[in-house]
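Subject: Structure handover

Hello,

Here is the structure I promised to pass on. My notes on it come after the model.

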Amino acid sequence: MADQQFDIVVLGGGSAGYATAVRATQLGLSAAVIEKDKLGGTCLHRGCVPTKALLHAAEIADVARDGETYGILSSVAGIDMAKVNSYRENLVAGKHKGLQGLLKANKITVIEGEGRLVAANTVQVGEDRIVGKHVVLASGSYSRSLPGLEIGGRVITSERALELDHVPARVAILGGGVIGVEFASVWRSFGAEVTIIEGLPHLVPNEEESVSKQLERAFRKRGIDYKLGVRFQSVTQDDASVTVNLEDGTVITADYLLVAVGRGPSTQGLGYEEVGIEMDRGFVLTNERLATNVAGVYAVGDIVPGLQLAHRGYQQGIFVAEEIAGLSPVIVEDVNIPKVTYCDPEIASVGLTEAKAKEKYGEGNVTSYEYNLAGNAKSSILGTAGSVKAVRVVDGPVVGVHMIGARVGELVGEAQLIVNWEAHPEDVAPLVHAHPTQNETIGEAMLKLAGKPLHAI
C-alpha cells in the first residue's frame, strides 16, 4: 500500500493525542491518529472517568447512609456491584461514542493498530507506513509496580480494581497518592475495611502539608486505616487472601493488595530509541515547547516527565498543534496546572505550596491565609469540614491555592485564573462571590490577604 501522507501523525489516541489532532484540524492541518486500543486512552476507559463514576456511586451510598441527619429516612441495604459496574460501563461507552463522533466531525483519520516509529517522519502500522510532516508521540502510561512485586492473582492494579464484581471485605492499598486514596474512599463507602501503606510521612505527599494532615484526620474519622513512613517489604497470597509484610514488622491481611505506586510511560518497543529520541527511564525528554531532540518530532501527555493528568494532556496537545501551526502558544508550567483528588473529602490545588513558595521567594517574602470551611454556610449545609489556603508573595501575586472539603474540585477554576494571571489579592477582593456558595471561600481568603476580612478572623 502506498504511504499515507498527513501534516501531523499522532501515535496514541488518548487525551493528549486526540487533542493534538482536533486542534490541528481546526487550524487547517490534516491529521491522523494511530490507536491500538480504544480512542480516549487510560483516562476514558481505565482512569479518570470510570473511577469518578465509582466515586459518585460511593457518594450516593454515603448520602443515603447519613440521611437521618437531615430528616430523610434512608439507608443502604447493600451494594449491587453488577449495577454499579453497568452504570460505569454505560457512562464510558457513551463518552467513547461521543469521542468517535468528535474526531469524525473534525475529519481526523483514525488508524486502528499498533504503531511503531520507524523514522523521524514515519509511523508503521502493520504493512502500512503513515508519513507526517510532523510526528507527535502520545503513547500514554501504564500502572507501575515495585521491583520484585509481581502483579497477579490477588495483587492487583487499578485496572483490575475497577472490574471487581464484588465489594472486598478487606483491602490493603500500597501507595497513598491520588489513585490510592480515591480507591480507599470508594471501598470504604461501599463497606470495606481499608488500610493504606505509604512510605512517605503523609498521605497525598505532593500536596500542601496542612491539606495532607486534614485528609488523614478525615480518613481516620471515616475508619480508613493507614501506615505512614513505613515501607513495603513483601507479599504472599493464597486462594482467599494476601498477607502484606512491612519493613517495621507490621503484618496486614486482606482480600486484595491494590498496587497504586504511580504510572510509568508506555514507550518500550515503539522504536523511539532506534530513531534517536532522547529518553530518561522510559520518559521522552523534550524542551519547554515539547519538541524532542529529533527535528519534527514532539511528545505530549504522560510520556513527558511531570504531572500525569488528562487535562495536562489536553493542554499539551493543543499547545503542540498551535506550535506546529506557528502560533507560538503560551507555556503553562506544570506547577500552575490545577490538580483534583476525588476522594471524600476532595482535594484541589494549583500553584506553589507555602514551603515551595518560601524556597523560591524567601522566608520573609511569603504570607498565607487558611480559611476554615466552618465559616462557610454552604459547606455547613453540605456537612463538610476543610479549608481553603491561599499563598501570596508579600505585596505581590497569589502563587498558590490549596483546598480540601466536599466539592472543592469545582472551585479550582477560579483558583487557577488567580494564580496564572498573577492576580494580587487586592485585585480579587472587590469581586462579588455569590452567597451562599462554597466559592465564597476563595473570596474570603482574598479579602483577608488584602487586609479587609469580612467573615475571616
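First, the ground rules. This is a predicted model, in which local features need pLDDT of at least 70, side-chain atom pairs count only at pLDDT 80 or more, and totals for chains, interfaces and linings use all residues. Residues are numbered from 1 along each chain as its sequence is written, and side-chain values use heavy atoms, with hydrogens and water left out.

**Overall**

The protein has 14 helices and 24 strands. Both are DSSP runs, numbered from the N terminus: helices are H or I with at least four residues, strands are E with at least two. The radius of gyration is 23 Å, close to the 23 Å from the globule rule for 457 residues, so the protein is as compact as a globular protein of that length. (That radius is taken over C-alpha atoms; the rule is 2.2 Å times the number of residues to the power 0.38.) Along the principal axes, the C-alpha atoms fill a box of roughly 70 × 60 × 45 Å.

**The parallel sheet**

Five strands make an open sheet in the order β8-β15-β9-β10-β11, with parallel pairing. Two strands pair if DSSP finds at least two bridges between them. β8 (155-156) and β11 (225-228) are at the edges with a single partner strand each, so one side of each has no neighbour in the sheet. Strands β9 (170-174) and β10 (193-198) are joined by five bridges. R170 has E193 as its bridge partner in β10.

Two helices pack here. Helix α6 (178-189) touches β9, β10 and β15 (256-259), and its direction makes about 170 degrees with that of β10. Helix α7 (209-222) touches β10 and β11, at about 140 degrees to β11. Contact means heavy atoms within 4.5 Å. Axes are lines fitted to C-alpha atoms, for helices over the stretch in contact, and angles run from 0 to 180 degrees between N-to-C directions.

**The antiparallel sheet**

Another open sheet has five strands in the order β20-β21-β24-β23-β22, with antiparallel pairing. Neighbouring strands are turned by 10 degrees against each other on average, direction ignored. Six bridges join β23 (387-393) to β24 (398-404). R392 has V398 as its bridge partner in β24. Helix α10 (354-361) packs on this sheet and touches β22, β23 and β24, at about 165 degrees to β22. Helix α12 (412-420) lies across β20, β21 and β24, at about 165 degrees to β24.

Elsewhere, β4 (115-119) and β5 (122-125) run antiparallel, joined by four bridges. They form a hairpin with two residues between them.

**Backbone points to check**

- The peptide bond from D344 to P345 is cis, with omega near 5 degrees. P345 is in the loop between β20 (339-341) and β21 (347-351).
- H435 and P436 are also joined by a cis peptide bond, with omega about -5 degrees. P436 is in the loop between α13 (425-428) and α14 (440-449).
- L290 has a positive phi, near 65 degrees. Its loop runs between β18 (283-284) and β19 (297-299).

**Pockets and cavities**

The search uses a 1 Å grid over the protein atoms alone: a cavity is a set of points where a 1.4 Å probe fits but cannot get out, a pocket is an open set with protein on both sides within 12 Å along at least five of seven lines, and lining residues have an atom within 4 Å of a point. Grid points are joined across faces, edges and corners, and a volume is the space filled by probe spheres set on the points.

The second largest pocket holds about 1400 Å³. It is lined by 38 residues, and the closest to its centre are D62, D344, P345, T384 and A406. α3 (48-65), α4 (81-105), α6 and α7 each give two or more residues to that lining. α3 gives the most, with nine. By class, the lining has 16 nonpolar, nine polar and 13 charged residues. (Ala, Val, Leu, Ile, Met, Phe, Trp, Tyr, Cys and Pro count as nonpolar, Asp, Glu, Lys and Arg as charged, and the others, Gly among them, as polar.)

There are two cavities of 30 Å³ or more.

Best wishes
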